[in-house]
Amino acid sequence: MNPTTAPPTATPTGEDHQVQLRVNGTPHTIRVPAHTALLDALRDSCGLTGSKQCCAVGECGACTVSVDGRTVNSCLVLAVEVDGSDVITAEGLAPSGELNHVQQAFLDHGAVQCGFCIPGMVVSAQAIIERNPDPDIEDIRNGLSGNLCRCAGYNRMFAAVLDAAERTRRQCGTGAGGCSGAAAPAVAAAEAAEQPAHGDLDDDLDKHPSSASRTAAAEGGPVRS
Ligand code: FES
Ligand code: FES
């Protein structure tokens, strides 16, 4: 070895690093190797297995979480990169065990098939509504464009997000900042009673004929095949 060669500065693979995260409002201090993906840290160190690994290369969005208010593919982000951040996973949308409006609307519209994509879908859908409390169908298609569903239930998902936005506006108003959109049990039960669990999408949309964007949801195809 050349004695003038500078010592390596990179942290040796395998050396654990302390990372502090606030996940769904709960502080976590974990120790992980530098190469650990945030997804693995959440699942293996924080015990939050809602976020799924499907492709592990940033293509499918099944691992989507919110980091400091921005959605990311957690399979592509290192845990050490987000040290000190606030992270919201699908579990964090229902902190008290009551489904929030997005989650409830996905159920009510029959938008869940195998379910593998759903944790990422609902995190992305929640972000759409937080950015824009009154999104149109294009906002929703764009906002979910990074989330793939192999069961291809996109139309029902689009309708669910439109409905969740409407429910959130009713609860929180259009200035939804600071409003979790968590459905109060009585409200959720009443809304669930109004919605068929697995009704035909056209039937669902016909219940709201005043919304032209719902018709667009029925006509729109998958964002990506
Ligand atoms: S598992 Fe992260 S994008 Fe597919
Ligand atoms: S519901 Fe099966 S992958 Fe989306």
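Two residues count as in contact when they have heavy atoms within 4.5 Å. Helices (H or I, at least four residues) and strands (E, at least two) are DSSP runs, numbered from the N terminus. With that in hand, here is how α2 and α5 meet: H101, V102, Q104, A105, F106 and D108 in α2 touch M157, A160, V161, D163, A164, R167, T168 and Q171 in α5.

A word on the ground rules. This is a predicted model, where local features need pLDDT of at least 70, side-chain atom pairs count only at pLDDT 80 or more, and totals for chains, interfaces and linings use all residues. Residues are numbered from 1 along each chain as its sequence is written, chains are lettered from A and ligands numbered from 1 in the order in which they are written, and side-chain values use heavy atoms, with hydrogens and water left out.

**The α2 and α5 pair**

Two packed helices are described by the angle between their axes and the distance between the axes. For α2 and α5, the angle is about 135° and the axes are 8 Å apart. (Axes are lines fitted to C-alpha atoms, for helices over the stretch in contact, and angles run from 0 to 180 degrees between N-to-C directions.) Angles under 35 degrees count as roughly parallel, over 145 as roughly antiparallel, 65 to 115 as roughly perpendicular and the rest as oblique; α2 and α5 are therefore oblique to each other. Their crossing is right-handed, meaning that the near helix is turned clockwise from the far one by less than a right angle.

How does the length of α5 check out? At 1.5 Å a residue, its 19 residues should span 27 Å, and the end C-alpha atoms are 26 Å apart, which agrees. The expected span here is 1.5 Å times one less than the number of residues.

**The cores**

Buried means under 20% relative accessible area, exposed over 50%, and partly exposed in between (1.4 Å probe, protein chains only). A nonpolar core is a set of buried Ala, Val, Leu, Ile, Met, Phe, Trp, Tyr and Cys residues joined through side-chain atoms within 4.5 Å. The largest one here has 26 residues, and F106, M121, L144 and M157 have the most contacts inside it. Elements giving two or more residues to this core are α2 (101-108), α3 (118-131), α4 (137-143) and α5 (154-172). The top contributor is α5, with 8 residues. There is also a second, separate core of 16 residues, which includes V65, V67, A79 and V82.

Not counting residues up to four places away in sequence, M121 touches F106, L144, N147, L148, C149, Y154 and M157.

**Helix α3**

M121 is one of the buried residues of α3, a helix that is mostly covered, with 12 of its 14 residues buried. Those buried residues pack against β3 (64-67), β4 (70-73), β5 (86-88), α2, α4 and α5. The length of α3 works out too: its 14 residues should span 20 Å at 1.5 Å a residue, and the end C-alpha atoms are 20 Å apart, which agrees.

V123 also lies in α3. Leaving aside neighbours within four places in sequence, V123 is in contact with T64, V65, S66, T71, I88, T89, A90 and L93. Its C-alpha atom is separated by 9.8 Å from that of L144, 21 residues apart along the chain.

**Loop residues**

V112 and C149 are 37 residues apart in sequence and 9.8 Å apart in space, C-alpha to C-alpha.

S74 is in the loop between β4 and β5.

Most residues other than glycine have a negative phi, and most peptide bonds are trans. A56 has a positive phi of about 65° although it is not a glycine, and A56 lies in the loop between α1 (38-45) and β3. D68, in the loop between β3 and β4, has a positive phi near 50° and is not a glycine either.

Here is how accessible some of these residues are:

| Residue | Relative accessibility | Class |
|---|---|---|
| V123 | 4% | buried |
| S74 | 0% | buried |
| V112 | 29% | partly exposed |
| A56 | 34% | partly exposed |
| D68 | 47% | partly exposed |
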